[in-house]
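Come along and check each entry against the picture.

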Amino acid sequence: YFDGYTTERLPANLLQAFDAVAFEHLGVSMMFRVSCDKSIDLGEQLRKCTSFLDEHFPTWRRSPYITFRYAHMFPSEQENMAAVLDTERSNADDTEKDRQQKPLEK
């Protein structure tokens, strides 16, 4: 948390994006790591984390960047990789066709 973290100093969409990143790192990643330690009361840690997020990152609960709808607006990593591989295969096929059509010059 830093001084001046208010909607008066930051545009609303930037504030929501920043709060979404805080939620991902604290509310998801850190809580996952905490859950691996069986000696820790996970429920208590979740309450503390939620309270911290509410106090210091006020828009995290309403951020449009952490909704299922927003997540489905973009292709998954597997879809991205498949598209890249398809493009590479297509380019390789085109290169091979060019080689077959053009005789080598001496």
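**Entry 1: the aromatic rings**

I started with the rings and found that F18, F52 and F57 form one aromatic cluster. I kept in mind that this is a predicted model, and that each value below is computed from it.

Before going through the pairs, I reminded myself how they are described: by the distance of the ring centres and the angle of the planes. How many aromatic pairs are there? I noted three aromatic pairs by the rule used here.

Next I looked at F52 and F57. Why is this pair called tilted? The ring centres of F52 and F57 are 6.2 Å apart and the planes meet at 55 degrees, so the pair is tilted; the tilted class lies between stacked, under 30 degrees, and edge-to-face, over 60.

Is F52 buried or partly exposed? F52 has a relative accessibility of 36%, so I wrote it down as partly exposed. F57 comes out at 9% and therefore counts as buried. W60 is buried too, because its relative accessibility is 10% and the cut-off for buried is under 20%.

L15 is in helix α1, and it is buried because its relative accessible area is 2%. L15 and W60 are 45 residues apart along the chain, and their C-alpha atoms are separated by 9.0 Å. E24 lies in helix α1 as well, but at 39% relative accessibility it counts as partly exposed. From E24 to W60 I count 36 residues in sequence and read 9.5 Å between the C-alpha atoms. Setting aside neighbours within four places in sequence, E24 is in contact with S29 and I66.

**Entry 2: helix α1**

Now I followed helix α1 from end to end. With 24 residues at 1.5 Å a residue, α1 should span 34 Å, and its end C-alpha atoms are 32 Å apart, which agrees.

The buried residues of α1 are L15, D19, A20, A22, G27, M31 and V34. I noted that they pack against α2.

**Entry 3: the core**

In soluble globular proteins, nonpolar side chains tend to be buried together. With that in mind, I looked for the largest nonpolar core. Which residues make it up? There are seven: A22, M31, V34, C49, L53, F57 and W60. Both α1 and α2 supply at least two residues of this core, and α1 gives the most, with three.

**Entry 4: the whole chain**

Last, I stepped back to take in the protein chain. I counted four helices and zero strands, which read along the sequence as α-α-α-α. Of the 106 residues in the chain, 14% are buried. The chain exposes about 8,900 Å², and carbon and sulfur atoms supply 56% of that area. Looking at contacts between residues at least 6 apart in sequence, I saw that 55% join residues at least 24 apart.

Key: Residues numbered from 1 in each chain as written. Predicted model: local features only at pLDDT ≥ 70, side-chain atom pairs only at ≥ 80, totals over all residues. Heavy atoms only, no water. Phe/Tyr/Trp six-rings, centres within 6.5 Å; stacked < 30°, edge-to-face > 60°. Buried < 20%, exposed > 50% of the residue type's maximum accessible area, 1.4 Å probe, protein only. Contact = heavy atoms within 4.5 Å. Areas by Shrake-Rupley, 256 points an atom, 1.4 Å probe, with all protein chains shown as cover. Expected span 1.5 Å × (residues − 1). Core = buried A, V, L, I, M, F, W, Y, C linked by side-chain atoms within 4.5 Å.
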